[in-house]
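Please load the model in a viewer and keep the sequence panel open beside it.

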Amino acid sequence: MKLSYRGVNYENSSPMLEVIEGDIGGIYRGQNWRSHYLRHIPEPAPVHDLKYRGVAYRTGKPAVAVPSAAAARCTLPGFHKREREQELNQLTRTHLSNIRNSLERRMQVARAKGDEKLVRLLEQERMTLPLQ
């Protein structure tokens, strides 16, 4: 196909890709359309190890790492389950403690300002918190 841009003539040399029509489609602004997929997958770009301002980086897709047997054991369900539960319980206790401390400070400020309505609301909020 012959094309021209700002008075410069050139020949279009885009590669023709084989596509297949997909099952998904519809009507858009009165025109039928279908999704299209490549018939074959092109080769991935080669991997190059490069360096920019002293920082090494890699182009393309790196090789897939194969997990070791020790790493596979660590990801099994139930591994260190007791430790995880203890950590979660500690985090929950700390979170509730922080909420209680914040609520207590807010109540002190409300009492100092003499805002009885806010004090009652904060006391109701305190009643909704779980017991220690």
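The stops below cover hairpins, a surface patch, a helix and several charged pairs.

**Before starting**

The model is predicted. Residue numbers run from 1 along each chain as its sequence is written.

**Stop 1: the loop between β1 and β2**

Select R6, which sits in the loop between β1 (2-5) and β2 (8-11). Although R6 is not a glycine, its phi is positive, at about 50°. R6 is exposed, because its relative accessible area is 74% and the cut-off for that class is over 50%.

**Stop 2**

Next, select residues 19-28 for β3 and 31-38 for β4. These two strands run antiparallel and are joined by seven bridges. At one of these pairings, Y28 has Q31 of β4 as its bridge partner. Two residues lie between the strands of this hairpin, and R29 adopts a positive phi near 50°.

How many of the 10 residues of β3 are buried? The count is one, so β3 is hardly covered, where buried means under 20% relative accessible area.

Now display S35, which belongs to strand β4. S35 counts as buried, since its relative accessibility is 17%. Leaving aside residues up to four places away in sequence, S35 touches I20, E21, G22 and I24. I20 is classed as partly exposed because its relative accessibility is 36%.

**Stop 3: the nonpolar patch**

Together they make a nonpolar surface patch of about 530 Å². β3 and β4 each supply at least two residues of this patch. Which strand gives the most to the patch? It is β3, with three residues.

**Stop 4: the hairpin of β5 and β6**

Move on to strand β5 (residues 48-52) and strand β6 (residues 55-59), which run antiparallel and are joined by five bridges. They form a hairpin with two residues between them. R53, in the loop between β5 and β6, has a positive phi of about 50° although it is not a glycine. R53 counts as exposed because its relative accessible area is 74%.

R58 counts as partly exposed, given a relative accessibility of 45%, whereas D49 is exposed, with a relative accessible area of 58%.

**Stop 5: helix α2**

Select residues 81-113, the 33 residues of helix α2. Does the span between the ends agree or disagree with the expected length? At 1.5 Å a residue the helix should span 48 Å, and its end C-alpha atoms are 48 Å apart, so the two values agree.

Colour L96, R100, L103, M107 and A110 separately: these are the buried residues of α2. They pack against α3 (116-128). At the end of the selection, α2 is followed by G114, which has a positive phi near 80°.

**Stop 6**

The model contains four salt bridges. Side chains of opposite charge can pair when their charged atoms come close.

Show E104 and R126, whose side chains meet in a salt bridge at 3.7 Å, N to O. E104 lies in helix α2 and R126 in helix α3, so this pair ties together parts that are 22 residues apart in sequence. E104 is partly exposed, with a relative accessible area of 31%. R126 also counts as partly exposed, at 36% relative accessibility.

Then show R111 and E123, which form a salt bridge with closest N and O atoms 3.6 Å apart. R111 is in helix α2 and E123 in helix α3, so that the pair links distant parts of the chain, 12 residues apart. R111 is partly exposed, at 41% relative accessibility. E123 counts as partly exposed, at 30% relative accessibility.

**Final view**

To finish, display α2 and α3 together. The buried residues of α2 pack against α3, and the salt bridge of E104 and R126 can be viewed alongside that of R111 and E123.

Notes: Predicted model: local features only at pLDDT ≥ 70, side-chain atom pairs only at ≥ 80, totals over all residues. Heavy atoms only, no water. Helix = DSSP H or I, 4+ residues; strand = E, 2+ residues; numbered from the N terminus. Expected span 1.5 Å × (residues − 1). Buried < 20%, exposed > 50% of the residue type's maximum accessible area, 1.4 Å probe, protein only. Contact = heavy atoms within 4.5 Å. Patch = residues over 30% accessible without salt bridge, like charges linked within 9 Å, V, L, I, M, F, W, Y side chains within 5 Å. Areas by Shrake-Rupley, 256 points an atom, 1.4 Å probe, with all protein chains shown as cover. Pairing = 2+ DSSP bridges.
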